[in-house]
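Visitor: I have a protein chain to look at and would like to go through it step by step. Could you show it to me, please?
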Amino acid sequence: MSDVSQKGNEKGKMRFCASCGKQIEEDSMFCNYCGAPTRPQANRKEQVAPAPQYKANERTSWSQGNVPAEYKPISMWGYFGYELLFMIPCVGIILLLVFAFGGTQNVNLKNFARSYFCMFIVVAILVLIFMLWFGAYASSFYNYYY
Ligand SMILES: [Zn+2]
């Protein structure tokens, strides 16, 4: 009898991963095998605040053009226009920095400006390397012939 209750106790201590079915320890937060969180909702001490989610009816209204300002899509010509804007010397890079670092509410525009800024840095480095290489080449050429 006592053996059975002991077993029952043991069984209460051990749990099984809901994700992969492997046995896991009671006090472990995550499954050792698959990494899935193991603690049931009721046991969880610190409740993680749920991420802000848009309600289903809100999502359906998105397609009707009722998109929040921060997620408003940019049209193809919009992107094209911004690209042209960023290409303007001096003014373009200032606008790019403004948009990339929080000057706009729109997530799409912010990400576009950031990616454009990364591209700008890559191109600038490539140009610099090319100019250094070309400069060295030109000077060696100059030394050879003159
Ligand atoms: Zn698991």
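Guide: Let us begin with a definition: two residues are in contact if their C-beta atoms, placed from the backbone, lie within 7 Å. By that rule, and leaving aside neighbours within four places in sequence, Phe30 is in contact with Gly35, Ala36, Pro37 and Thr38. Please note that this is a predicted model, in which local features need pLDDT of at least 70 and side-chain atom pairs count only at pLDDT 80 or more, while totals for chains, interfaces and linings use all residues. Residues are numbered from 1 along each chain as its sequence is written.

Visitor: Where is Phe30 found?
Guide: Phe30 is in the loop between β2 (23-24) and α2 (56-62). The helices (H or I, at least four residues) and strands (E, at least two) are DSSP runs, numbered from the N terminus.

Visitor: Is Phe30 buried, exposed or partly exposed?
Guide: Phe30 is partly exposed, because 13 other C-beta atoms lie within 10 Å. A residue is buried if 20 or more other C-beta atoms lie within 10 Å of its own, exposed if 12 or fewer, and partly exposed in between, with C-beta atoms placed from the backbone. The C-alpha atoms of Phe30 and Cys17 are separated by 8.7 Å, and these residues are 13 apart along the chain.

Visitor: Let us step back. How many helices and strands does the protein chain have?
Guide: The protein chain has 5 helices and 2 strands. From the N terminus on, their order is α-β-β-α-α-α-α.

Visitor: And what percentage of the residues count as buried?
Guide: Of the 146 residues of the protein chain, 6% count as buried. Among the contacts with a separation of 6 or more, 22% are between residues 24 or more positions apart.

Visitor: Which residues of α4 are buried?
Guide: In helix α4 (residues 91-100), the buried residues are Leu96, Phe99 and Ala100. They lie on the same side of α4, because they cover an arc of only 95 degrees around the axis. That arc is taken from the directions from the helix axis to the C-beta atoms. As a general point, an α-helix has 3.6 residues a turn, so residues three or four places apart point the same way.

Visitor: What is on the other side of α4?
Guide: Val91, Ile94 and Val98 are exposed there.

Visitor: Which residues make up the largest nonpolar core?
Guide: That core has 6 residues in all: Phe86, Leu96, Phe99, Ala100, Phe112 and Ala113. The elements that give two or more residues to this core are α4 and α5 (107-145), and α4 supplies the largest share, 3 residues. A nonpolar core is a set of buried Ala, Val, Leu, Ile, Met, Phe, Trp, Tyr and Cys residues joined through C-beta atoms within 7 Å.

Visitor: Now to α3 and α4. At what angle do they pack?
Guide: Helix α3 (residues 76-87) packs against α4 at an angle of about 125 degrees, and their axes are 6 Å apart. That makes α3 oblique to α4. Angles under 35 degrees count as roughly parallel, over 145 as roughly antiparallel, 65 to 115 as roughly perpendicular and the rest as oblique. The axes are lines fitted to C-alpha atoms, for helices over the stretch in contact, and the angles run from 0 to 180 degrees between N-to-C directions.

Visitor: Which residues meet there?
Guide: Leu85, Phe86 and Met87 in α3 meet Gly92, Leu95 and Leu96 in α4. Gly92 itself touches Leu85, Phe86 and Met87, not counting residues up to four places away in sequence.

Visitor: Is Gly92 buried, exposed or partly exposed?
Guide: Gly92 counts as partly exposed, because there are 17 C-beta neighbours inside 10 Å.

Visitor: Which residue with a positive phi follows α4?
Guide: That residue is Gly102, with a phi near 95 degrees.
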